[in-house]
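Here is a friendly tour for anyone with the coordinates open on screen.

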Amino acid sequence: MTKREHFSGERVAQECICCASKKLNRSSAIVMPFIAKRIWGYDPVEITADWGFRDIKPGFAYSLCNSLHCLNCGVVFLDIRFTDRELSLLYEGYRDDTYTSLRELFEPGYAEKNKFFSGRAPYIEGIEAFLLERIPAPNKILDWGGDTGVNTPLLTKAKEVHVFDISGMATIDGVKAVSLDEIKQNQYDLIICSQVLEHIPYPHNILQDIVSAMSDSTILYLEVPYEEVMREFAGSPDLAQRKRHWHEHINFFSLDSMRKLVEGAGLELIEIVPNEISLGWRTAVVTSVLCRKVRV
Ligand SMILES: [Zn+2]
C-alpha cells in the first residue's frame with residue numbers, strides 16, 4: 001500500500017486515512033464553531049419558530065459531521081477532509097492577532113492560553129534528549145511543517161536547519177525557509193514532522209512527499225499527540241461515540257495506526273514510544289516515532 005490511489009481523496013472520507021480499511025464505525029459529531037467560521041464563514045445559529053419550518057424542530061444548529069473510527073488500526077478522525085484552500089484559510093497567519101481575536105470570540109480564554117505558545121515550548125528539551133539517546137547529533141535538519149523553526153528539536157546542535165511550512169511566517173534567526181524544489185537539492189540527516197499529521201487531511205500523502213526527500217541514511221522523527229480519549233479507551237469499539245467535536249486536530253492516532261501509516265508509506269519503523277510532556281498549562285502525551293526508508 002504505497003500508492004496514493006488506495007485513498008480515494010474524497011471530500012468525505014470513504015476509507016481509513018491510515019490503513020485504507022473500509023471497516024469504519026461512525027457517530028454524529030460537530031465541527032467546532034471557530035473552525036466552521038474561519039474556513040467556511042458559518043456561524044452557529046438558533047432556529048426559532050419565526051423561520052416558519054413545518055418539519056424542523058427549533059433549537060441550536062452547528063456544523064454537523066461524523067466521527068469515524070477504523071476498526072482495523074484504531075484511528076479516529078473527522079469524516080470531512082479539508083481542501084488545500086481550507087487548510088490555507090485555517091493556518092495562514094496561524095495564531096496571529098486576527099486568528100487569536102476570532103478564536104477568543106468563540107473560545108473565551110484562548111488569548112491567555114496562547115501566551116504559552118510564544119517562544120520555544122519547554123517540552124522540546126525532553127524530546128531532544130529522547131532523540132540524542134537514539135541517534136547521532138545531526139548536521140542538517142529539515143523540519144516539515146515547522147512554522148518559524150522556534151520549536152525545532154536540536155536547533156542549536158545542527159549546523160543547518162531548514163523549514164518547510166505553509167504558514168508563511170518569517171523564520172527565526174539561523175533557520176532557513178525552503179521550497180519543495182530546494183528540498184530536492186539537499187540531503188538531510190534528520191527530517192522532523194512534529195505536531196503536523198493530526199492537522200492533515202491525507203497524512204499518507206504528506207509522508208510520501210517526505211519519503212521522496214529522504215536518503216537511505218535519513219532518520220525521520222514523527223510526533224503526534226496521543227490524545228487522552230485514545231489512551232484511556234485504547235482498543236474500545238465505541239471510540240467514535242466518545243469523540244463528539246472536532247477542532248484543529250482532525251486525526252486522533254492510535255499507536256497501531258501510526259505503525260500502519262509509516263509502513264504503508266514505505267518506511268521501516270525503528271521505534272514508537274508514548275512520551276509524557278508538559279505544555280505549560282497542562283501535561284499531555286505525544287507519540288514519538290523514529291523511522292527510516294525501507295532498504296531494498
Ligand atoms: Zn485504519
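Strands β5 and β12 pair antiparallel, with 2 bridges between them, and in this pairing Val 76 has Phe 252 of β12 as its bridge partner. Please keep in mind that this is a predicted model.

**The five-stranded sheet**

- The pairing of β5 with β12 belongs to an open sheet of 5 strands, ordered β11-β1-β4-β5-β12, in which the pairing is mixed.
- The edges are taken by β11 (245-246) and β12 (251-252); each has a single partner strand, so one side of each has no neighbour in the sheet.
- Strand β1 (residues 24-31) runs antiparallel to strand β4 (residues 63-70), and 8 bridges hold the pairing.
- Within that pairing, Ala 29 has Cys 65 of β4 as its bridge partner.
- On to the next pair: β4 and strand β5 (residues 76-78) are antiparallel and joined by 3 bridges, with Ser 67 opposite Leu 78 of β5.
- The hairpin of β4 and β5 has 5 residues between its strands, and Gly 74 in this hairpin has a positive phi near 95°.

**Val 229 and its surroundings**

- Val 229 sits in helix α8, which covers residues 228-232.
- Is Val 229 buried, exposed or partly exposed? Val 229 is partly exposed, because 13 C-beta neighbours lie inside 10 Å, whereas a buried residue would need 20 or more.
- Beyond the neighbours within four places in sequence, Val 229 has contacts with Leu 239, Arg 242, Lys 243 and Phe 252. Phe 252 is also the β12 bridge partner of Val 76.
- Val 76 itself is 153 residues away from Val 229 along the chain, and the C-alpha atoms of the two are 10.0 Å apart.

**The seven-stranded sheet**

- A further open sheet, also with mixed pairing, has 7 strands in the order β8-β7-β6-β9-β10-β14-β13.
- At its edges are β8 (175-177) and β13 (267-278), each of which pairs on one side only.
- On average, neighbouring strands in this sheet are turned by 20° against each other, with direction ignored.
- At the β8 end, strand β7 (residues 160-164) runs parallel to β8 and is joined to β8 by 3 bridges; here Val 161 stands opposite Val 175 of β8.

- Helix α7 (residues 203-212) lies across β6 (140-144), β9 (190-194), β10 (219-225), β13 and β14 (283-293), and runs at about 165° to β9.
- Helix α10 (residues 255-264) lies across β10, β13 and β14, at about 145° to β13.
- Which residues of α10 are buried? They are Ser 257, Met 258, Lys 260, Leu 261, Val 262 and Gly 264.
- The cover over these buried residues includes β4, α7, β10, β13 and β14. Among these, β4 belongs to the five-stranded sheet.
- After α10 comes Gly 266, with a positive phi near 80°.

**Helix α1 and its two packing partners**

- Two packed helices are described by the angle and the distance between their axes.
- Helix α1 (residues 33-40) packs on helix α2 (residues 84-91) at an angle of about 115°, and the axes are 8 Å apart. The two helices are therefore roughly perpendicular, and their crossing is right-handed.
- Ile 35, Arg 38 and Ile 39 of α1 meet Glu 86, Leu 89 and Leu 90 of α2 in this contact. Sorted by class, the contact of α1 with α2 has 4 nonpolar, no polar and 2 charged residues.
- With helix α3 (residues 97-106), α1 packs at about 135°, with the axes 9 Å apart. The angle therefore makes α1 oblique to α3, and this crossing is right-handed too.
- The contact here is made by Pro 33, Phe 34, Lys 37 and Arg 38 of α1 with Leu 102, Arg 103 and Phe 106 of α3. By class, the contact of α1 with α3 has 4 nonpolar, no polar and 3 charged residues.
- Arg 38 of α1 takes part in the contact with α2 and in the contact with α3.

Technical notes:
Residues numbered from 1 in each chain as written. Predicted model: local features only at pLDDT ≥ 70, side-chain atom pairs only at ≥ 80, totals over all residues. Helix = DSSP H or I, 4+ residues; strand = E, 2+ residues; numbered from the N terminus. Buried ≥ 20, exposed ≤ 12 C-beta atoms within 10 Å, placed from the backbone. Contact = placed C-beta atoms within 7 Å. Pairing = 2+ DSSP bridges. Axes fitted to C-alpha atoms, helices over the stretch in contact; angles between N-to-C directions. Parallel < 35°, antiparallel > 145°, perpendicular 65-115°, else oblique. Left-handed = near helix turned anticlockwise from the far one by under 90°. Nonpolar A, V, L, I, M, F, W, Y, C, P; charged D, E, K, R; others polar.
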